[in-house]
Amino acid sequence: MPANRWWMRAREVAGAPKARGLALSQEEWTQAAQDVAAAGGRLLALWAARDEGEQSSATIYAAYWIEAGLLLTELAIAPQGADARYPGLAALFPSASRMQRAAFDLYGVRATDPDQRPWLRHEPQGYDFLPVLGEGVHEIAVGPVHAGTIEPGHFRFSVVGEKVLRLEERFGYAHKGIEKRFTQVPILQGHRLAARVSGDSAVAFSWAYCQALEGMAGCPLPDRAIWLRALCLELERLANHLGDLGALGNDAGFAFALAQFSRIKEELLREIERAFGQRYLFDAIVPGGTRTDLSEQAAAALTARIASVMGEVKELRAIFDEHSGLRDRFTSAGILSPALATRLGVLGLAARASGQRLDARVDLPCRPYDELPPTKVVRTEGDVAARVAVRFDELAESCRLMRLMLATLPAGAHVTAARMPESGAFGVGFIEGWRGPVFVALEAGPGGSIRRCHPHDPSWQNWPAIEHAILGNIVPDFPLINKSFNLSYSGPDL
């Protein structure tokens, strides 16, 4: 059955009361995954759910991005305690392995795939990193505690001299029980928690949450609110790209870049705070619209600031392109080939730097992106230089979009009264954040509560790519390669 046929079956049940996804048997679960993989689809998220009690029944969910849209499947697992098993998907979608291991740690449902190591649980007996044997091979352990304010993560390098033969990552140190915390807050307040899943993607997560909530409650949005949300999302993309470009220059020994991009980012953040009352827009997106409106004066000031940013970045890009030291460090470092990016199911910015033409703002657009579609930015080299170039190009495209939004911002209300969904209602949100697509699955509970909420960061898919991109490079290049992806530690540590 082609992948789109599964999507058609899913559409048949989408309008049913309390429908969550396409309920499958174990055989159909595997067949659907095989068909999606054969059609070039991507695994967006895999997660589990279980009612209170170890012996209660459990459900495993998978969300796919296929040509026709989003396909959500679910598989019921009979009560079997810690021995509950379901067909694993890692052979088809390698990124599923860590999601499956996390699902077992959280809900006791185990996949049949061979990697059964814990992911979120850090037991005293240690962790079985896969060794590399041979003459002259030794290991370098880095983390989980790092210098500065970097989030915790452990990196185990197997090297000969300084050449990296293997890298294995381990996370879970930032695990915060966020799925459980969602069930303890009112559903109309859950957007604030969603914004804090991964702080650098606050707008993307809170918008995805509100999109899920508003979809299941049938809440129409004012035009102005929709455009303001997109403006906030592009401001978040711009701020992150500015920070990354400065840090990448610094990691390549060009401190001038860090100083200049940090200054430009700070000036932008101050303008955002004057316009919306927050530097990082943690609470800008609310059910029914946006927390604050944008005055004419603030819109004019933002327009001027964006023009200034674009002018300065254009000059800095010319310096980057002409700097022989940066070219030497960036070019051919940390290569992720298009074929490997496809196999690993990489998403977002990193995918587009490796030839993947994926951007949810264009491929599955929500308003207002269907009215002013972005231009996809794609490179094929897959190295640090390509990921830097994608950032520069996406930064310029975001500035173009924002200036257009500000010039044609619809009049009217910026928020409408949020509606309460019925108990058992289910909805999903899907927003292309600056790092990649953010996905949220939300189920309403009784009395305005949240029964379940699963937020998914694209770093789940992209972290394994770094383990491949570093191979053959030297250990001192790891900070540069790692920063060129700039993935979230907190996002996958729910």
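Figure 1. The side chains of Glu234 and Arg237 meet in a salt bridge (3.0 Å, N to O), a term for a side-chain nitrogen of Lys or Arg within 4 Å of a carboxyl oxygen of Asp or Glu. Both residues lie in helix α7 (residues 223-251), three residues apart, about one turn of the helix. Helices (H or I, at least four residues) and strands (E, at least two) are DSSP runs, numbered from the N terminus. Side chains of opposite charge can pair when their charged atoms come close. Residues are numbered from 1 along each chain as its sequence is written, and side-chain values use heavy atoms, with hydrogens and water left out. As the model is predicted, local features need pLDDT of at least 70 and side-chain atom pairs count only at pLDDT 80 or more, whereas totals for chains, interfaces and linings use all residues.

**Figure 2. A salt bridge between Asp477 and Arg329.** The side chains of these two residues meet at 3.0 Å, N to O. The pair links distant parts of the chain, 148 residues apart: Asp477 lies in the loop between α15 (459-469) and α16 (478-485), and Arg329 in helix α10 (residues 324-330). Asp477 is buried, with a relative accessible area of 14%, while Arg329, at 25%, counts as partly exposed. A search of the whole structure finds 35 salt bridges.

**Figure 3. Arg400 and Glu397 in helix α14.** A salt bridge joins Arg400 to Glu397, with the closest N and O atoms 2.6 Å apart. Both residues belong to helix α14 (residues 384-407) and are three residues apart, about one turn of the helix. Arg400 is partly exposed at 39% relative accessible area, whereas Glu397, at 12%, counts as buried.

**Figure 4. The buried side of helix α8.** The 22 residues of helix α8 (residues 255-276) should span 32 Å at 1.5 Å a residue, and the distance of 31 Å between its end C-alpha atoms agrees; the expected span is 1.5 Å times one less than the number of residues. Among the buried residues of α8 are Phe261, Leu268 and Ile272. After α8 comes Gly277, whose phi is positive, near 85°.

Figure 5. Strand β8 (residues 154-160) and strand β9 (residues 163-170) pair in the antiparallel sense over seven bridges; two strands pair if DSSP finds at least two bridges between them. The bridge partner of Phe157 is Leu167 in β9. Two residues stand between the strands of this hairpin, and Gly161 in the turn has a positive phi of about 65°.

Notes
Buried means under 20% relative accessible area, exposed over 50%, partly exposed in between (1.4 Å probe, protein chains only).
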